[in-house]
Structures are given as structure tokens and as C-alpha cells.
Amino acid sequence: MTKFDVLTIGNAIVDIIARCDDSFLVHNGIIKGAMNLIDAERAELLYSRMGPAVEASGGSAGNTAAGVASLGGRAAYFGKIANDQLGQIFTHDIRAQGVHFQTRPLDNQPPTARSMIFVTEDGERSMNTYLGACVELGPEDVEADVVAQSRVTYFEGYLWDPPRAKDAIREAARIAHAHGRETAMTLSDSFCVHRYRDEFLELMRSGTVDIVFANKQEALALYETEDFELALRTLAKDCKLAAVTLSEEGSIVVRGEERVRVGASAVGQVVDTTGAGDLYAAGFLYGYTAGRSLEDCSKLGNLAAGIVIGQIGPRPMLSLATAAREAALV
């Protein structure tokens, strides 16, 4: 028995979400559909130009932890915040979801991270992230007992941007494997993959990472190819298990020679795609740590992703456990 099903490690970010049109992105030099890293000055500029906004705690791995908890799983989270207003918001929100979160906050600068997210009419989100306190996450923030008592320790590829976080991830992976646990990562963003392709491949091929989550574009970027079949075959060789999301086409899971493809869940209007991949990982890992089949894991992932894109914000507003019961998945 373990105390936690899933431990996630990531950038603790408060999302500031507003709607805009495509011309706003062009006028402000924002790359559509990407996560753009920005400094404090540009963060202030974009905030001043935003329309009415909604503040919601986010961060990729934080969203995944919240999704696991919403499904009824036991989740924990490591992420660095500052002792400021946004830090208090983040702490309240993730604990209110039932997630264990005890990372010590910073008492001084830099402030808690924030991401200005612009959502266009097609539901696509363009993120502009000031990492702030996230860059201070380090090995001292790894709670060894929590890692040892988590079935899967999962981290986001975005963590490869703040340098000290790499040491924290490697230490967490060492502890996890020493206790017979597994590790997982999400590739996060095709731009992130381009920045750290060689390092991500080393994590997989060395066995530091057991399970990989990606979307189709990220998988293609990882192997610098336009041949998706080739990317899938190579991914199956490079890691123990990989789950690749395919937007409206659902997802495909590869494990050695085994392949499982599951169609997307029925979705009404796409309101905001923020958090879709994060919630897919939440549903999949909830099923995986409960010993479910790969098909069931994929169905749970698709369900969670389908629900979150029908709302504003990256964390489920309704109980995913209830939705899973209604869909006869639990």
C-alpha cells in the first residue's frame, strides 16, 4: 500500500484568463497555441492590455494533481510559490481540491508565477508565462517520504526551463525507483521539446522516466519527423509506456508491441482547451494506479479532457468521479 497514487511536480502558476481575437495576438506578438516565456516587464504590459479576466490556479502538473483528486485518487504536489496574494490563492485552491501540498513558500522575491492566457474564438489558448518563484524550486523541496509513498511521480517538461528544477526531478526519480515506484513526464509543448529534445530523450532512454505523455505534435517534434508511425514506433522503444493524445481523434497508447487506440469523448462546445492534456494525464494515471486496463485508462483520460475543454479554466469545476460513474468507467 502507498499513501498517494500520484505525486506531480511542476511550475506553480496562477492563470489569468481572458478572451481575445486573433488580431490581438498578432498585434501583441503572441505565438498562437504556444506557451511563451516572458519577463516581469512584459507580464505587466500584457496584463494592462487584457480585457476582463478570470483568475484560476493552474500550472500543468498542478492541474493533473487536481484532476486525480477530483476522480477520487490520492494526489500530492510539489511546486514553488511566494508568500504573496497569488501564492495564497494557489495554496488554497490546490488544497481545497484535496491535494497534499506542503512545499515551503519563498518569503521574498521573486513573486508567485502567473500566466496570461488569451483564449480565441476557436477555444485555442495562447499562454504567456512569467515563472517568478518557480525558478527557485530545487532538490531541497523534494519531500523524500512523499516520493517514496507515491505509486507514480509525474512531472512536466516545462520544469526544464528553470535550471534548479532539473536537479529536483532527478533526485525525485532516484528516490522513486529506489522504492520500486514509477516515474512519468509530459512533454508539455512542442516548443519545449525543441528546446530540450536531447535531454528529454536521455531521460527516457536512461530509464529515469518510465511513462511519457505527449500530443501528436510533441511526439513528431521529439523525433524531428513528419512520420507519425515512425514517431510511435520509436517512442515505444524509448520508454516503458507512452500515451499520445490526438485532439478530436482521441488517443493512442503504446507499450512495446501493444497498441490501444480510443476515440475521443463526446464534447459539446469547445470553450477553452487550457488543461486538456493535463486532465488526460490525470484520468489516465488515476486508472493506471488503480490497475485498470490501458483501454480504461485512455477512456478515463479522454473523459477528463473532454470535460475540462467545455469550461473556462484548467481545473474541473464538476466532480470527475461523478462523471466517470455516469459514464460507467468506475
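Contact here means heavy atoms within 4.5 Å. By that rule, Phe155 touches Ile9, Trp160, Ile169, Ala184, Met185, Thr186, Leu203 and Val209, leaving out residues up to four places away in sequence.

This is a predicted model, in which local features need pLDDT of at least 70, side-chain atom pairs count only at pLDDT 80 or more, and totals for chains, interfaces and linings use all residues. Residues are numbered from 1 along each chain as its sequence is written, and side-chain values use heavy atoms, with hydrogens and water left out.

## Nonpolar cores

A nonpolar core is a set of buried Ala, Val, Leu, Ile, Met, Phe, Trp, Tyr and Cys residues joined through side-chain atoms within 4.5 Å. Buried means under 20% relative accessible area, exposed over 50%, and partly exposed in between (1.4 Å probe, protein chains only). Helices (H or I, at least four residues) and strands (E, at least two) are DSSP runs, numbered from the N terminus.

The largest nonpolar core has 53 residues. Ile9, Phe155, Phe200, Val212, Leu222 and Leu235 touch the most other members. Helix H7 (residues 190–205) gives the most to this core, with seven residues. In soluble globular proteins, nonpolar side chains tend to be buried together.

Two strands pair if DSSP finds at least two bridges between them. Nine strands form an open sheet in the order E6-E5-E1-E9-E10-E11-E12-E13-E14, with mixed pairing. Strand E6 (100–101) and strand E14 (258–262) stand at the edges. Each has a single partner strand, so one side of each is left without a neighbour in the sheet.

E1 and E9 run parallel and are joined by five bridges. Phe4 stands opposite Ser150 in E9. Helix H11 (residues 294–308) packs on the sheet, touching strand E12 (241–245), strand E13 (251–255) and E14. The direction of H11 makes about 35° with that of E14; such angles run from 0 to 180 degrees between N-to-C directions, with axes fitted to C-alpha atoms, for helices over the stretch in contact.

## The five-stranded sheet

Five strands form an open sheet in the order E3-E8-E7-E2-E4, and the pairing is mixed. The edge strands are strand E3 (35–37) and strand E4 (54–58), each pairing on one side only. The twist averages 25° from one strand to the next.

| Strand pair | Sense | Bridges |
|---|---|---|
| E2 and E7 | parallel | seven |
| E3 and E8 | parallel | three |
| E7 and E8 | antiparallel | six |

Ile13 has Ala113 in E7 as its bridge partner. H4 packs on this sheet, touching E2, E4 and E7. Its direction makes about 65° with that of E4.

E8 is mostly covered: six of its six residues are buried. Arg125, Met127 and Thr129 point one way, while Ser126, Asn128 and Tyr130 point the other way. Asn128 is the bridge partner of Asn36 and of Met116. The hairpin of E7 and E8 has five residues between the strands, and Gly123 takes a positive phi near 85° there.

## Helix H6

Helix H6 (residues 163–178) has 16 residues. It reaches 24 Å from its first C-alpha to its last, close to the 22 Å expected; that span is 1.5 Å times one less than the number of residues. The buried residues of H6 are Ala165, Lys166, Ala168, Ile169, Ala172, Ala173, Ile175 and Ala176. They pack against strand E1 (4–9), H5, strand E9 (150–156), strand E10 (182–186) and H7. Just after H6, Gly180 takes a positive phi of about 75°.

## Salt bridges

A salt bridge is a side-chain nitrogen of Lys or Arg within 4 Å of a carboxyl oxygen of Asp or Glu. The whole structure has 21 of them.

Asp141 forms one with Lys80, with the closest N and O atoms 2.9 Å apart. The two residues lie 61 residues apart, in the loop between strand E8 (125–130) and helix H5 (144–148) for Asp141, and in the loop between strand E5 (75–78) and helix H4 (85–96) for Lys80. Both Asp141 and Lys80 are buried.

Arg205 forms a salt bridge with Asp238 at 3.2 Å between the closest N and O atoms. Arg205 lies in helix H7 and Asp238 in helix H9 (residues 228–238), so the pair ties together parts that are 33 residues apart in sequence. Arg205 counts as exposed, at 52% relative accessibility. Asp238 counts as buried, at 11%. Salt bridges that share partners also join Asp5, Arg74 and Arg151 into one network.
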